[in-house]
Amino acid sequence: MVSRRFPIFILDRGPDDIVYGFPDFEQRGVKAAPHNHGPVVGPDDWGPPASDAELRSVGEALAALVPGAAGPIIDRDVCLYTNTAPADIRRDAGEEFIIDRWQESRLIVCSACSGHGAKFAPAIGQRLARLATDPSYQAEPFFQLSRYSQFA
């Protein structure tokens, strides 16, 4: 079976050139796409599917590194997901989740960023469970609200 030999992958080819993909789970071909931040849009503002020019880096990455997956494009779609705002104290690009307690209360705040976070559901769930059951546990600094000046 192909999926046992060909895992989910992320190809970091340099700044603004990251390609991710999934094996052929549905016998429709490999799913691959650029990981980038397109324009900020609302949930009803879906743009047109990616153009050939926008997908060129995906085809080049697959041809160079996973040639068996570099076939013709059979389908294309737009993937919308939320991101956090870029932090201003512990600087980030707005890709880190928020997994923290609200101040010193028992209220837990989590922004796992929709589809982006779904890939990390087990790890996020583990941290949320620890926050709920272990008063001494603190999430990693890059997930904490204190990375934003308005919450510090």
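What follows is a walk through this predicted model, from the overall layout down to a few individual side chains.

A word on ground rules before we start. Residues are numbered from 1 along each chain as its sequence is written, and side-chain values use heavy atoms, with hydrogens and water left out. Because this is a predicted model, local features need pLDDT of at least 70 and side-chain atom pairs count only at pLDDT 80 or more, while totals for chains, interfaces and linings use all residues.

Let's begin with the big picture. The chain has four helices and five strands; helices here are DSSP runs of H or I with at least four residues, strands are runs of E with at least two, and both are numbered from the N terminus. Going along the sequence, they come in the pattern α-β-β-β-α-β-β-α-α. The C-alpha trace spans about 55 × 35 × 30 Å along its principal axes. Of the 152 residues in the chain, 26% are buried, where buried means under 20% relative accessible area, exposed means over 50%, and partly exposed is in between (1.4 Å probe, protein chains only). As for contacts (heavy atoms within 4.5 Å), take those with a separation of 6 or more: 52% of them involve residues 24 or more positions apart.

Now for the sheet. Three strands form an open sheet in the order β1-β2-β3, with antiparallel pairing; two strands pair if DSSP finds at least two bridges between them. β1 (9-12) and β3 (31-34) stand at the edges with a single partner strand each, so one side of each has no neighbour in the sheet. On average, neighbouring strands are turned by 15° against each other, direction ignored. Strand β2 (residues 18-22) is joined to β3 by four bridges, and valine 19 has proline 34 in β3 as its bridge partner. Lying across β1, β2 and β3 is helix α2 (residues 52-65), which runs at about 125° to β3; axes are lines fitted to C-alpha atoms, for helices over the stretch in contact, and angles run from 0 to 180 degrees between N-to-C directions.

On to the charged pairs. Side chains of opposite charge can pair when their charged atoms come close. The structure holds eight salt bridges, meaning a side-chain nitrogen of Lys or Arg within 4 Å of a carboxyl oxygen of Asp or Glu. One of them joins arginine 13 and glutamate 60 at 3.9 Å, N to O. That pair links distant parts of the chain, with arginine 13 in the loop between β1 and β2 and glutamate 60 in helix α2, 47 residues apart. Arginine 13 is partly exposed at 34% relative accessibility, and glutamate 60 is partly exposed at 42%. Both belong to a network of salt bridges that links Arg13, Asp17 and Glu60.

Another salt bridge brings arginine 147 and aspartate 92 to 2.9 Å, N to O. Arginine 147 lies in the segment after α4 (121-133) and aspartate 92 in the loop between α2 and β4, so this pair ties together parts that are 55 residues apart in sequence. Arginine 147 is buried, with a relative accessible area of 1%, and aspartate 92 is buried at 18%.

Arginine 147 also turns up among the contacts of threonine 84, along with residues including Phe97, Ser111 and Tyr148. Threonine 84 lies in the loop between α2 and β4 and counts as buried because its relative accessibility is 8%. Its side chain reaches the backbone oxygen of glutamate 96 at 2.7 Å.

A polar atom of its side chain lies 2.8 Å from the backbone oxygen of aspartate 134, and the backbone oxygen of tyrosine 137 is 2.6 Å from a polar atom of the arginine 101 side chain. Leaving aside neighbours within four places in sequence, arginine 101 is in contact with residues including Leu107, Ile108, Arg130 and Leu145.

Definitions and conventions: Polar contact = N/O pair within 3.5 Å; in protein donor to acceptor, adjacent residues only side chain to side chain.
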